[in-house]
Amino acid sequence: MKILMYNAVPEERPFVAKWMAKTGHEVVTLSEPLTVDNAAQAAEFDAVSTQQTIAMPAPVYQVLADNGIKQIALRQVGYDVFDLPAAFKHHLRLSNVAAYSPRAIAEYTLTQLFNILRQNKKYERAMATGDYTWAAGGQAREIYQLTVAVIGVGRIGSAFAQMLHALGAQVLGVDPVYRAQNEAFVEYTTLDDALARANAISFHTPLNDETRNLADQAFFDKVQPGTIVLNMARGEIVDMAALEARLTAGQLYGAAVDVTPNENEFMNQKQAVTDLPDNIQRLTQLDNFYLSPHIAFYTNTAIKNMVEMALNDAVTLTQGGYTDNEILR
Ligand code: NAD
């Protein structure tokens with residue numbers, strides 16, 4: 001089988017080569033995301049795969065279907081990039097890699113929580129000017145003293161909750177789906193109760209109608225002064241203007257985001273700092289705001305799994321088979 005792999009990054013190539021050697025299938029990589037302009041390139045292939053944060057609008061599915069493609073295998077979790085009704089209208093079967101390494105994102109969330117707690121950005125900036133005093137930052141709290149609200153206790157949220165629990169923090173879980181196996185380390189509660197009690201709030205939900213702008217002004221009105229906010233899930237979950245207002249007003253202890261609503265304007269690109277969106281330029285000036293370039297997933301385990309699982313799914317779905325990773329209508 002011949003598979004066209006869109007938006008392939010250099011780190012994926014060794015795993016692609018190993019997969020080809022193991023399975024005997026052929027993969028051709030493109031460095032551009034799948035768009036309406038390049039969808040017709042799939043004509044000479046049996047299957048396609050992509051990983052991208054740029055949405056695939058309705059005409060993409062039409063072009064793929066017209067060229068005999070039966071599926072799209074996403075090499076990532078977030079499938080909000082698909083126009084599902086449009087894809088299903090053209091009988092395309094879709095898959096994502098729902099769990100290539102939940103621990104990768106959980107560990108990064110923990111990393112940023114520690115960075116905020118320790119005021120590392122303040123210290124780094126002070127040291128860059130030769131200021132090596134304790135006073136450059138401030139006394140930290142230790143993690144066992146925290147109550148952390150995990151909003152969305154799915155694959156990543158559960159992994160994060162387990163780590164927090166092992167470190168002695170109290171974990172409050174908010175999720176419409178109850179998972180009995182999490183009882184040992186999560187106290188399930190309502191969103192309002194979690195906001196009233198938490199010292200840190202971390203989002204691990206998908207982006208959907210309920211979670212879009214979940215953290216808005218009214219949400220922040222309910223949190224304790226000095227709360228930490230972590231968003232490694234999807235940018236649109238947090239109203240960035242509301243977050244910025246609360247950070248500059250000193251109502252939050254700090255925030256770390258790996259994702260922003262406008263990330264397609266600057267993430268995964270090199271640009272002058274002055275070309276960054278205005279809000280990003282302002283936010284990154286703050287000592288207690290941590291921005292990272294959508295890298296929470298970025299570990300060797302995750303890259304291997306996202307390549308191998310998506311390519312396996314591309315073959316399976318094209319051959320009419322079944323995979324747990326299929327996105328069902
Ligand atoms: P998951 O489907 O396993 O878990 C999501 C959980 O959120 C589910 O348990 C679901 O019931 C819950 N949920 C849905 N709506 C909710 C609501 N309104 N309130 C509370 N909980 C709600 O997903 P996952 O694999 O854990 O991924 C979580 C998020 O992480 C996704 O948004 C994904 O796109 C993102 N992600 C980010 C990166 C990164 O590199 N930053 C990498 C992978 C995934």
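Which residues does UniProt give for the feature "domain: D-isomer specific 2-hydroxyacid dehydrogenase catalytic"?

## The annotated region

The unreviewed UniProt entry places this feature at residues 4–326, in the numbering used here, and such annotations may be inferred rather than shown by experiment. This is a predicted model, in which local features need pLDDT of at least 70 and side-chain atom pairs count only at pLDDT 80 or more, while totals for chains, interfaces and linings use all residues. Residues are numbered from 1 along each chain as its sequence is written, and side-chain values use heavy atoms, with hydrogens and water left out.

Over residues 4–326 the chain is 35% helix and 15% strand, where helices (H or I, at least four residues) and strands (E, at least two) are DSSP runs numbered from the N terminus. The end C-alpha atoms of this stretch are 19 Å apart.

## Thr 227

Thr 227 belongs to strand E10, which covers residues 227–231. With a relative accessible area of 1%, Thr 227 is buried (under 20%, whereas exposed is over 50% and partly exposed lies in between, using a 1.4 Å probe and protein chains only).

Leaving aside neighbours within four places in sequence, Thr 227 is in contact (heavy atoms within 4.5 Å) with residues including Ala 198, Ile 201, Leu 252 and Tyr 253. Asp 287 is 60 residues from Thr 227 along the chain, and their C-alpha atoms are separated by 15 Å.

## Two domains

Domain 1 comprises 2–100 + 300–327 and domain 2 comprises 102–291, with bounds that come from an automatic or database domain assignment. Because both domains give residues to the lining of the second largest pocket, this pocket lies between them.
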